[in-house]
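Visitor: Pick one part of this model and show it to me closely, please. Then tell me what lies around it.

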Amino acid sequence: MGHLIHRDLGATRERLRDQVAHALRAALISGELRPGQVYSAPALAEDFGISATPVREAMLDLAREGLVEPVRNKGFRVTEVDDRDLDQYTEIRSLIEVPTVGRVARTAPRADLEALRPVAEEIVRAAREHDLIGYLEADRRFHLSLLALAGNDRLVEVVGDLRKRTRLYGLTALDERDRLLPSAEEHLELLDLMLAGDAKAAEECMAKHLGHVRSIWAKPDSAAPADR
């Protein structure tokens, strides 16, 4: 639980629950919290260095999102996502994000797109530094901020929820094989295409990227190559 221990949770009481939930989501996505395993709120709270109450409340938030399920008198079990679920999530994201990227490429001010470059570069830097939590947090900011340029808040919420319901099971293995960086660099490629106003190429790039993301989502024993 190394990453959890070192996360900064010195927040106000009002924000502590949200920060704990965010840290737990990051640990779920990175594989630090494993599917099928049961975790108790007191044990996690000890890692965080806080009381069990905000951890328990945060875990209940995650249960409502389908990420964990309560286990009576034991804690919370991390839910498992099978290949059928992952295929369906990818299909939904493709139906939403691919045409939206094309629309944004045609309509968004260039300055608004260029403002996303530091985030895209942060994704690449995190991949190079093997900072999985930083990678995932920057990746989330980039994609949701990009979609927000379409002006549809509900669309952003739907994609944000889909991202919460999936874990990148193969992320650590890909990082260890130095195959995460190509996926990270696709964010810069996508941004450059959108800045050039090439909506069709941007849509194709997003479709390719989501295919790579789906391969990352695969469980370690069935993970497809990230450059398929």
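Guide: Start at the hairpin of β2 and β3. Three residues lie between the two strands. Helices and strands here are DSSP runs, numbered from the N terminus (helices: H or I, at least four residues; strands: E, at least two).

This is a predicted model, with residues numbered from 1 along each chain as its sequence is written. Local features need pLDDT of at least 70 and side-chain atom pairs pLDDT 80 or more, while totals for chains, interfaces and linings use all residues; side-chain values use heavy atoms, without hydrogens or water.

Now follow the strands out from the turn. β2 and β3 run antiparallel, joined by four bridges. Two strands count as paired when DSSP finds at least two bridges between them. Along this pair, E69 stands opposite R77 of β3.

Contact means heavy atoms within 4.5 Å.

S40 sits in the loop between β1 and α3 (41–48). Once neighbours within four places in sequence are set aside, S40 is in contact with K74 and G75. S40 and G75 are 35 residues apart along the chain, yet their C-alpha atoms are separated by 4.2 Å.

Step back for the setting. The protein has 12 helices and three strands. Of its 228 residues, 48% count as buried. Among contacts with a separation of 6 or more, residues 24 or more positions apart account for 71%.

α8 (residues 132–148) packs on α9 (residues 153–164) at about 155°, with the axes 9 Å apart. Axes are lines fitted to C-alpha atoms, for helices over the stretch in contact, and angles between N-to-C directions run from 0 to 180 degrees. α8 and α9 are therefore roughly antiparallel (over 145 degrees; under 35 is roughly parallel, 65 to 115 roughly perpendicular, the rest oblique). On the α8 side, the residues involved include L136, D139, R140 and L144. They meet a set in α9 that includes L155, V156 and V159.

α8 also meets α5, residues 83–107. Their axes come within 9 Å and cross at roughly 60°. That angle makes α5 oblique to α8. R93, E97, T100, V101 and V104 of α5 make this contact with H143, L146 and L147 of α8. H143 and L147 also take part in the meeting with α9.

Methods:
Buried means under 20% relative accessible area, exposed over 50%, partly exposed in between (1.4 Å probe, protein chains only).
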